[in-house]
Structures are given as C-alpha cells and as structure tokens.
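Open the model in your viewer and keep the selection tool at hand. We will go stop by stop.

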Protein chains: 2
Amino acid sequence: MLKPFSDKVASLAPSAIREILKFTADPEVISFAAGNPAPEAFPVETISKLSADIFAEEPINALQYSVTEGYMPLRKWLESDLRSKNMFADGDMVIVTAGAQQAIEVTAKILCNEGDVILCEDPSFIGSLNAFRSYGVKLAGVPTDKDGMLPDALEAALKANPTAKFIYTIPNFQNPTGNTTTLERRKACLELAKKYSVYILEDNPYGDLRFAGEPVPSYKSLDTDGHVLYAGTFSKVLAPGLRVGYLCGASELLAKAVVGLQTSTVHTNIWAQMLVYRFVTTVDLKEHLKRLQGIYRSKCRRMLDGLHANMPDCVTYSNPEGGLFIWATMPEKYDMNAFCTEAVKNKVAVVPGNAFLADENAVSHSFRLNFSTPTDEQLDRGTEILGQTAKRFFK
Amino acid sequence: MLKPFSDKVASLAPSAIREILKFTADPEVISFAAGNPAPEAFPVETISKLSADIFAEEPINALQYSVTEGYMPLRKWLESDLRSKNMFADGDMVIVTAGAQQAIEVTAKILCNEGDVILCEDPSFIGSLNAFRSYGVKLAGVPTDKDGMLPDALEAALKANPTAKFIYTIPNFQNPTGNTTTLERRKACLELAKKYSVYILEDNPYGDLRFAGEPVPSYKSLDTDGHVLYAGTFSKVLAPGLRVGYLCGASELLAKAVVGLQTSTVHTNIWAQMLVYRFVTTVDLKEHLKRLQGIYRSKCRRMLDGLHANMPDCVTYSNPEGGLFIWATMPEKYDMNAFCTEAVKNKVAVVPGNAFLADENAVSHSFRLNFSTPTDEQLDRGTEILGQTAKRFFK
C-alpha cells in the first residue's frame with residue numbers, strides 16, 4: 001500500500017469557484033462567477049510590439065536562466081515606484097513572483113509552522129485561504145463591515161491565538177466584498193499588529209483600479225518598523241496570463257522568500273518580466289490606468305443598475321469604488337446556496353459566499369458577483385435572469 | 001518581537017552554487033559552475049516567429065487567466081508523446097508546471113509531512129534537495145557508483161527509514177555526476193520501491209540530450225502499477241527562461257498536485273505554454289535534438305580532452321553519455337574545498353562536491369564541471385588553468 005498524502009494537503013479541495021466555473025463551460029451560462037480582467041482591457045498591440053522588440057534586441061536574456069530575485073530593471077522600477085508612494089523603506093527589498101498568489105503562498109511558507117494561525121478578513125479571497133490551508137495553518141476569520149475588519153474583533157482574535165503569525169488583508173475593493181478599509185481602521189489594525197507582534201500581509205491586486213472616491217494610504221506606507229509585507233501584481237493592470245507579481249518588505253524576510261522561490265519556480269518567466277518592464281517604462285501608465293478605470297466604472301455601474309432594476313429590494317449590495325466584485329446579501333430567512341443553485345440552473349453563475357469564509361461550513365447569506373468579465377449584454381441579461389430567479393425563489 | 005521563520009525554512013540557505021556564481025559575476029572568471037544550456041542551442045528565430053504568430057492569432061488566450069492543469073493542446077501532445085514511449089498508462093495524467101523544479105517541489109508538498117524521509121542519490125541535484133529540505137523533510141542519501149544507486153544500500157536505507165515517502169532519482173546523465181543508471185539497476189530499484197511501498201520520483205531533464213551510447217528505458221516505462229511519478233522539462237531542449245516543465249503519473253496524485261499549484265502560481269505563464277506547443281508541433285523535433293546533441297557532444301569532448309591534457313593523472317572523471325556535467329574526483333589525501341578555492345582565485349569556478357550531498361557537512365573529494373555554458377575558448381583556457389592550479393596544489 002502506497003502511503004497517503006501529507007496531512008497538510010490531505011483535506012485540501014479544489015476551490016469552490018473552480019467547481020462553479022465548470023458550469024460556465026456551458027456557453028449558454030452567463031458567468032458572474034469569474035474574476036478575470038476584461039479582455040478589452042489588455043493592451044494587445046503594445047504587448048505584441050514590445051515582445052517583438054525583446055526578441056529582436058535581447059533574445060538570449062529572454063530565454064536563458066535568470067536570477068530568483070527577479071529581473072533587475074523591473075525590480076529597480078518597482079523600488080522607485082513604491083518609494084514614490086512612501087511604500088519602500090530603507091532596508092526593504094522587492095522581489096518578483098509568479099503572480100501575487102505566489103507572493104502570498106511563499107509568505108505563509110516562510111513564516112508559518114503547521115498549526116500556526118493566520119488572521120484574515122471573513123470573508124476573504126479563497127485562493128489565499130487555500131494557500132494558507134496548504135501549509136496546515138489554521139485560519140481565524142475576523143468579522144468585517146463595509147469599513148474593513150472590526151478592530152475589537154481583531155484584538156479578540158489576536159488574544160485568542162498566540163501562535164498567530166500574520167494578519168492577511170485586502171484593503172482596497174476587497175475580494176469578495178468590494179469594500180475598502182478606511183484609514184482609521186488601517187491605523188487601528190496596524191497598531192494591533194504592533195501590540196501583538198504579528199506581521200500584516202497586505203494584498204493589493206486591485207488598488208490601481210479605483211474608479212470612484214479617494215485613495216486611502218496603504219498599510220505599507222503607514223508602517224514604520226517592518227511589520228508590513230506588501231504583495232502587488234500586474235495581473236489586473238496588464239494581463240494575468242503573464243503571472244508577474246511582486247512582494248515588498250524587510251530584506252531579512254524577503255531574502256528567505258527568495259530561498260523559498262528558488263526551490264519552487266527558480267524564477268518567474270523572464271520574458272514576461274522584461275515585457276512588464278518595457279510596458280511600464282514605455283507607455284503613459286496614468287493614461288493606461290485611466291482607460292481601465294473607465295471600463296470597470298462603467299461595468300460596475302451597469303451591473304448595479306441591472307441589480308437594482310431587477311432584484312427584489314430586500315437584497316443589498318456593496319458599493320465598490322474599484323476592483324472587480326460586488327457582494328450581494330440576502331435576507332437571513334432564505335437559503336443562499338439553494339438560490340445560487342437555482343440561478344445556475346437558469347444559466348447565471350454566481351459564487352456562494354461561504355466559499356470565502358475561514359470556516360467553509362459556516363452559514364453565509366451572501367454571494368459574489370463579478371462585473372469585469374461579462375460583456376455589457378451579459379450584464380443586462382444576467383441581472384434580469386437573476387431578478388426573475390430571485391422573485392420566484394423569494395415567494 | 002516579531003516571530004521568527006517557520007521551522008522548515010529556518011535553516012534553509014541559498015544554494016552553495018549561487019554563492020559560487022557570485023564569483024562568476026567577475027567577467028574574468030571562467031565559470032564551469034553553472035548549469036545553463038548553451039545559448040547557441042536556443043532556436044531564437046523560430047521562437048521569435050512563433051511568439052509573433054501567437055499575438056497575431058490568439059492574443060487574448062495568451063494574456064488571460066488559464067487553467068492550473070496547463071494548456072490543453074500541450075497536455076494532449078505530452079500525453080501522446082509519453083504514450084509513444086510507453087510512459088503514459090491508463091489512469092495517468094500529465095500537468096504543466098513552471099519548470100521541472102516546481103513539479104519536484106509540489107510532489108514533496110503533497111506527499112511529505114515534516115520529519116518524513118526522501119531517499120536520494122548521494123550526490124544529487126541541490127535544487128531538489130533544497131526543495132525537500134524546505135518542507136522539513138529528512139534526506140537519506142543512497143551511495144552510488146557509475147551505474148546508479150547501489151540496490152543493497154537502497155534497501156538498507158528503506159529498512160532504516162519507515163517514514164520514507166519516495167525515492168528521488170535522476171537516472172540519465174545525473175546532476176552532478178553525469179552517470180546513467182543501468183537498466184538492471186533501474187529494475188532492482190523499482191522492485192525495492194514496490195517491496196517497501198514507496199513512490200519513485202524520476203527527474204529527467206537531460207534525457208533528450210543523449211550524445212553517445214544507447215537510451216535506457218525510463219523508470220516510468222518499467223512501472224506497471226503507479227509507483228513512478230515522472231518530471232520532465234523544456235528547459236534543456238528549448239529554453240529555461242520559459243519555465244515550462246511537466247509532471248506525469250497516477251491521476252489521483254496529479255489531481256492533488258493541481259490543487260497545490262493552484263495555491264501557488266495558479267498556472268504556468270500561458271504564452272510560454274502556447275509557444276512550447278507551437279514549437280513541438282511545428283519544427284522537426286528529431287532534427288532539433290540532433291543539433292543540440294551535436295553541440296553538447298562536442299563541448300563534453302573538448303572539456304574531457306582539456307582535462308586529460310592538463311590535469312594530473314590522479315584526478316578521475318565520469319564519462320557522461322549526455323547532459324551538461326562531468327564529475328571530477330581527486331585523491332583522498334587532498335582537500336577538495338581548498339582546491340576549489342584556489343581554482344576560483346585563479347579565475348576558474350567549479351562546484352565543490354559536498355554541495356550535492358544529502359549531508360552537506362560530509363566530506364567529498366569530488367567537484368562538478370559544467371561544459372554546456374562555456375565557449376570552446378573558455379573550455380580550453382579553463383581546463384589549462386585548472387591543470388596549472390592542480391599541479392601546484394598537488395605538490
């Protein structure tokens with residue numbers, strides 16, 4: 001008898017979203033379940049030209065082994081970009097990863113023993129939660145409202161979990177809720193991190209996709225003594241298929257993360273790193289982001305309009321100022337999972353909220369809606385179907 | 001006080017090779033320390049054209065999120081290629097990874113608890129050994145000779161380590177020794193894996209670079225009941241910067257590996273996967289490999305000739321039939337590490353053999369020489385300097 005799986009992965013299941021995405025293979029299904037950037041947001045012609053330039057000018061650099069830390073010109077650009085936002089302190093280091101997901105995964109690997117605790121917003125991004133679970137880490141979910149984690153609840157969780165290693169947070173247009181943590185809450189949570197000597201892992205994939213309201217200073221910029229690790233990515237502002245993200249923080253942590261990456265992917269695809277570098281130094285980034293923000297503002301508006309026009313009034317929605325997601329919440333008397341099943345039968349896929357909970361078996365009355373992937377037509381038709389489903393279901 | 005690193009990575013150090021490669025930043029140093037494919041082996045023009053085709057024909061597919069399992073056309077091609085070599089059984093699955101290194105790392109992750117044992121050839125590839133160490137796994141090195149692991153020693157190690165999960169082996173032109181495991185030895189080791197109910201992880205990065213002798217059937221092709229996992233890569237036959245490798249084996253294992261990858265890189269850079277697919281289905285692969293084999297045959301010959309002409313006769317060498325490496329062994333009375341230090345002072349870098357041992361503090365009298373990266377001129381000049389160093393050192 002061959003031996004079974006390691007304890008840390010034995011119960012690890014494919015993400016619930018992936019299971020739902022199977023339904024979306026049916027071309028008739030309108031998917032509000034994904035988290036893909038809008039394809040029209042990809043600057044295809046520019047990327048195509050920059051790629052051709054790379055092969056014309058320095059093909060060997062794009063094909064040979066490279067260093068684990070990442071493509072030096074890109075790292076220098078990131079350092080200077082982060083410094084300009086007060087997010088790169090003396091003694092910091094920035095390294096390139098295969099997407100922010102790998103930055104998050106390697107952080108858990110270098111900091112956590114099995115049985116240690118990671119505190120996270122409840123609900124939170126399932127990809128990160130599964131990365132933490134894959135190291136046998138326990139998740140302690142911290143209740144949130146529209147302004148982010150509740151500081152009292154965070155402190156209670158920190159007290160209850162002395163083996164907590166870090167707080168994982170997505171402060172801007174959170175996945176799945178779309179909510180943004182206020183400055184006051186950020187300051188309070190950072191204070192608690194200091195008081196209880198834990199790190200904060202700040203995950204900011206959507207920060208540049210703000211299409212309303214005013215930017216809030218990042219945790220990283222508020223940090224003065226190495227408590228914050230910052231994960232960023234080019235997946236949402238350029239293209240996710242490239243798998244280029246980064247991790248920034250205190251050098252002694254980052255140096256260990258490099259050793260971790262060296263044993264995994266060795267380095268991130270180097271052509272993609274060179275492409276990103278040429279992109280950020282060639283185009284007018286501000287203009288590019290403005291264009292993306294316009295696309296997402298319009299799609300978010302359209303989805304919210306469709307929901308308000310078609311859904312029963314008892315369902316409420318978050319009001320995101322950026323990002324890709326809206327969080328819908330139903331009255332407690334209805335069975336959210338049964339509603340989602342009905343919806344997918346009617347050819348609209350959404351993600352049941354419990355998929356995003358620290359305890360997946362807990363009850364949720366919410367579901368996640370993605371507005372970035374569907375076309376305008378799908379946004380209209382999908383919210384109409386969702387409304388019809390809800391009206392029948394709520395009777 | 002912020003909490004320290006996880007136990008599993010606390011003592012993990014950057015690979016010794018990387019430390020040596022720092023010396024090679026000095027442009028005057030001739031490096032026999034790397035493991036890079038020869039840059040002249042990269043089919044730059046073909047890759048450049050295929051990349052342009054991708055952006056002309058299906059840019060969105062190359063930029064959007066993709067599935068964790070890998071690009072389906074590439075997976076189908078791999079399946080058919082492996083099947084033609086009797087290396088894809090019913091119930092098997094093949095998935096794409098970010099290089100074979102990630103295939104190896106995820107195998108350790110899904111199979112091993114901390115404190116479990118992995119058996120490996122002693123010496124073996126440091127990148128894999130560090131991946132295993134990064135999961136808190138104990139390494140049990142199995143002594144080898146020019147024909148591979150010694151079966152009696154392997155059985156003794158299996159008896160001594162009841163928590164052994166798998167045997168890690170590089171059967172063709174092993175890194176670092178350049179030796180190939182004979183068919184007889186493969187059969188004996190596979191029998192032992194079955195007897196003691198452990199897996200074999202067969203790592204075959206160099207198999208297609210055979211430039212002499214006859215191919216030996218892979219462990220995977222000899223396996224009849226799911227004991228062998230097979231890791232392959234396009235790093236040596238196409239380009240390592242792409243980071244495209246693969247893992248093949250029983251579906252139930254591979255499905256868990258997919259969940260592991262999903263929490264790490266999500267998927268391998270999709271442009272690179274599409275490029276590899278177009279490459280293997282466009283070019284005459286046999287001709288391409290013949291060209292590479294010609295390059296490596298000539299470089300290996302040139303290095304061995306240089307060594308025989310310049311080095312004292314008391315130093316012996318492996319005689320690789322493929323791959324990238326030669327293993328040199330000195331008489332026991334000399335201090336190998338001191339010799340390597342002398343060599344690098346004289347501007348030739350080689351890798352001390354103990355870097356490749358399961359116990360890095362054990363004594364080694366060997367060092368690794370790479371012949372694929374240096375130019376012909378560097379091969380000549382480097383072996384000359386090595387010879388002068390040795391003659392002075394051995395006095």
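Colour chain A by domain: domain 1 covers 7-43 + 286-393, and domain 2 covers 44-282. These bounds come from an automatic or database domain assignment. The model is predicted, so local features need pLDDT of at least 70 and side-chain atom pairs count only at pLDDT 80 or more, while totals for chains, interfaces and linings use all residues. Residues are numbered from 1 along each chain as its sequence is written, and chains are lettered from A and ligands numbered from 1 in the order in which they are written.

Now look between the two domains of chain A. Their centres, taken over C-alpha atoms, are 24 Å apart. Domain 1 of chain A puts 33 residues into the contact, and domain 2 of chain A puts in 40. Two residues are in contact if their C-beta atoms, placed from the backbone, lie within 7 Å.

Select helix H13 (285-310) of chain A. On the side of domain 1 that touches domain 2, H13(A) gives the most, with 6 residues. That side holds 20 nonpolar, 7 polar and 6 charged residues. Here Ala, Val, Leu, Ile, Met, Phe, Trp, Tyr, Cys and Pro count as nonpolar, Asp, Glu, Lys and Arg as charged, and the others, Gly among them, as polar.

Next, switch to cartoon view. Chain A has 15 helices and 14 strands. Both are DSSP runs numbered from the N terminus: helices are H or I with at least four residues, strands are E with at least two.

Zoom in on strand E3 (residues 117-122) and strand E4 (residues 138-145) of chain A. They run parallel, joined by 6 bridges. Strands pair if DSSP finds at least two bridges between them. Find A:Val117; opposite stands A:Lys138 in E4(A). Follow the chain from E3(A) through H7(A) to E4(A): this β-α-β crossover is right-handed. With the strands pointing away from you, the path from the first strand over the helix to the second runs clockwise.

Stay on E4(A). Which strand pairs with E4(A) in the antiparallel sense? Strand E5 (residues 148-149) of chain A does, over 2 bridges. E4(A) and E5(A) form a hairpin with 2 residues between them. A:Thr144 stands opposite A:Met149 in E5(A).

Last stop: show chain B. In all, 61 residues of chain A are in contact with 61 residues of chain B. Several helices give two or more residues to chain A's side, including H3 (44-57), H6 (100-111) and H12 (270-282) of chain A. By class, that side has 32 nonpolar, 22 polar and 7 charged residues.
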